[in-house]
Amino acid sequence: MKTTYREALREAIRDAMRRDERVFLMGEDVGSYGGCYAVSLGLLEEFGPERIRDTPLSESAFVGAGIGAALNGMRPIVEIMTVNFSLLALDQILNNAATLLHMSGGQFPVPLVIRMTTGAGRQLAAQHSHSLEGWYAHIPGLRVLAPATLEDARGMLWPALCDPDPVLIFEHNGLYNLSGDLADDAGPVDITRAAIRRQGKDVTLITYGGSLAKTLAAADDLAADGIDAEVIDLRTLRPLDSDTFLESVRHTHRAVVVDEGWRTGSLSAEIAARIAEEAFYELDAPVRRVCTAEVPIPYAKHLEEAALPQPASIAAAAREVVRGG
Amino acid sequence: MKEHLDLLREMTRIRRFEDRCAELYSAAQIRGFLHLYVGEEAVAVGVVSELDPQDAVVSTYRDHGHALARGVPMDAVMAEMFGKVTGCSRGRGGSMHLFDSGHRFFGGNAIVGGGLPVAVGLALAHAMRGEPRVVACFFGEGAAAEGEFHEALNLAALWRLPVLFCCENNLYAMGTSFAKEHAAPDLALRASSYGLAAWAVDGMDVLAVREAARRATESIRAGGGPCLLELRTFRFRAHSMYDPERYRDKSEVVQWRDRDPIDRLIAAMRPDFTDDDLTALETEVAAEIDHAVAAAEAAEIEPVDGLTRFVTSEVTR
Ligand SMILES: Cc1ncc(C[n+]2csc(CCOP(=O)(O)OP(=O)(O)O)c2C)c(N)n1
Ligand SMILES: [Mg+2]
């Protein structure tokens, strides 16, 4: 069946709402407007305003309300328009959602799912373009997912809802129009493992989310050059499935990490560190990273493009680790 | 009389428990932050006396009174102070983070204002299931300056959710006096501006608090939407054990101590309630506290290899 990433997400929500009456969606403009990225379009008509719940502009209150409802037997899906606005709810996400289970000595799990858009590339300037999923991946108690394919857009939500603990799902804004074929019976997927999206033997390119397509494009470019790159899609940013990328590095002996987050103190740093800790003697070259330039994302197209990882910069980094300099 | 005695017993339990906590703190058996509720007992006891077991309670870091009034066993609260595995949060929370799922006590929250949105969500779940429950959410007047207060009140009123907001106005947020916190001093008026019923109550009078809580919970259970009570009270002791109380005059405290809610209730119970009755009550409470302390001292600690337990749920996925 032909579908898009957006439709796959919608189908996942619809499916979950049908499977479990405790599930409901709440957030800014998820109802009448249809979702700021049109993900929930049509769901209000199908499920009504109790379960497709428009909220006021109160990120902290409606995320906190999602936590409270989850504590009290419901299975809320909270949509935050973008990760940039999630900062207004950071208190609830970190100090409550991620913390209550531990602080209560195991008494209060928070089975909450929060979806939000992340990433740059649409000339929306700094306050709408940041990639902060790496920050969230820093926090014990959260599971952080980044669907990069139609299968994952369709399949990650249900297992996330079944998880007894809070799960954050990051949808890159550049992916909503991604289209392609999805099996008619596509359903829940594993949310614990990274996936090898392209097999190769010369270098391991490790990425996730909105950078996956760029990395695959870079791999095609490298192939034309005789470099056979393996591409790993992390899928789950916390807890990280290190085994998959470490095993890959053990046979390619080279690694490039591609991350739309900033470089300093980042997810890419974590991955590079794990490779250094666990597979140092397997490496034939230092690990390289391709990250977003350390600036607030600028508006002008050429500046925004220059700030972000691109197929050319990814391929250049890979050539460097394969051929040296 | 029986009802009065129950209220008196609960307030006395809290008062004496905290007196003992202060001693244990000085003896370094309790550590961390310790925020005492001394002087404010009528608020927790009056409100909680109107709740059903299926209702829920959300509290702050000043949570001993709410927890004990709610029925969280004193042994488990004291053990938590001692950081023992038998504590009501298995030693993960300490004084500020008492939890008890069995009593639907959703925790002491140490982020000022952080519990309000959670209370709204607990109430949302009740409302979506059509259950006539009340979520009592305690917070200080300082929290009324936080954004989460405003967001939560608006959301609760907008969706007519069964939340009883209990604003404990003890006139200070740490060392910042009420006059330095709020441009408009009428908190009930502020709350009403969000479209919910709100009024001020003498928080030093447990009978008045109970009466107000009864009226509020009846209205909430009947589907009338959230209410806010501004409970005018005072903490007799410092903000926490670290607080040298430089910001207020002793005479202010002395004046408020004249309005001690426990003395006031005893006065109202005279002459039926005799000195002998009082001695009997104090003896009973002291025995409970002695037991809690002895049990906490004797209790086991969590083995260190359990350090990272409860970060995520212990279930097979
Ligand atoms: C968000 C946040 N800011 C600051 C603090 C530090 N702090 C702890 S208690 C407190 C005063 C709160 O006053 P109030 O809400 O009136 O409650 P009370 O302590 O009087 O019961 C402050 C500033 C905090 N814990 N959380
Ligand atoms: Mg105060």
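## Terms and model

Helices (H or I, at least four residues) and strands (E, at least two) are DSSP runs, numbered from the N terminus. The structure is a predicted model.

Pro239(A) sits in the loop between β12 and α11 (242-252) of chain A. The bond joining Arg238(A) to Pro239(A) is a cis peptide bond, with omega about -10°. Strand β12 covers 236-238 of chain A.

Chain B has a cis bond as well. The peptide bond from Arg270(B) to Pro271(B) is cis, and omega is near 0°. Pro271(B) lies in the loop between α11 (261-269) and α12 (275-298) of chain B. Most peptide bonds are trans.

## Sheets of chain A

One open sheet of chain A has 7 strands. Their order is β3-β2-β4-β5-β7-β6-β12, and the pairing is mixed. The edges are β3 (52-54) and β12 (236-238), each pairing on one side only. On average, neighbouring strands in this sheet are turned by 20° against each other, direction ignored. Inside the sheet, β4 (residues 75-82) and β5 (residues 113-118) of chain A pair in the parallel sense. The pairing runs over 5 bridges. Within it, Val78(A) has Ile114(A) of β5(A) as its bridge partner.

Another open sheet of chain A is built from 5 strands, in the order β9-β11-β10-β13-β14. Its pairing is also mixed. The edge strands here are β9 (195-198) and β14 (288-292) of chain A, and each pairs on one side only. Neighbouring strands are turned by 25° against each other on average, direction ignored. Strands β10 (residues 203-207) and β11 (residues 229-233) of chain A run parallel and are joined by 5 bridges. Across that pair, Thr204(A) stands opposite Glu230(A) of β11(A).

## The magnesium site in chain B

Which residues of chain B coordinate the magnesium ion (ligand 2)? They are Glu141(B), Asn170(B) and Tyr172(B). Along the chain, the donors follow the spacing E-x28-N-x1-Y.

Why is the arrangement irregular? The 6 donor atoms around the magnesium ion (ligand 2) subtend angles of 50 to 175°. Six donors count as octahedral if opposite donors are over 155 degrees apart and all others lie between 65 and 115.

Buried means under 20% relative accessible area. Asn170(B) has 5% relative accessibility, so Asn170(B) counts as buried. Tyr172(B) is buried too, with a relative accessible area of 9%.

## Around ligand 1

Ligand 1 has 15 residues around it. The nearest are Tyr61(B), Arg62(B), Gly142(B), Asn170(B) and Tyr172(B).

Backbone atoms make polar contacts here. A backbone N or O atom of Gly142(B) is 2.8 Å from an oxygen atom of ligand 1. Tyr172(B) likewise places a backbone N or O atom 2.8 Å from an oxygen atom of ligand 1. A polar backbone atom of Val112(B) lies 3.1 Å from a nitrogen atom of ligand 1.

## Loop residues

Most residues other than glycine have a negative phi. Gln123(A) is not a glycine, yet its phi is positive, near 55°. Gln123(A) belongs to the loop between β5 and α7 (133-136) of chain A. At 28% relative accessibility, Gln123(A) is partly exposed. Met174(B) also has a positive phi, about 45°, without being a glycine. Its loop runs between β5 (172-173) and β6 (176-177) of chain B. Is Met174(B) buried or exposed? With a relative accessible area of 53%, Met174(B) is exposed, since exposed means over 50%.

Gly83(B) is in the loop between α4 (74-81) and β2 (105-109) of chain B. Its relative accessibility is 32%, so Gly83(B) counts as partly exposed. Gly83(B) and Glu300(B) are 217 residues apart along the chain. Their C-alpha atoms are separated by 9.4 Å.

Terms used:
Residues numbered from 1 in each chain as written. Chains lettered and ligands numbered in written order. Predicted model: local features only at pLDDT ≥ 70, side-chain atom pairs only at ≥ 80, totals over all residues. Heavy atoms only, no water. Donors = N, O, S within 2.8 Å, 3.2 Å for Na, K, Ca; no water. Tetrahedral: all angles 85-135°; square planar, octahedral: opposite > 155°, others 65-115°. Buried < 20%, exposed > 50% of the residue type's maximum accessible area, 1.4 Å probe, protein only. Pairing = 2+ DSSP bridges. Axes fitted to C-alpha atoms, helices over the stretch in contact; angles between N-to-C directions. Near = heavy atom within 4 Å. Polar contact = N/O pair within 3.5 Å; in protein donor to acceptor, adjacent residues only side chain to side chain.
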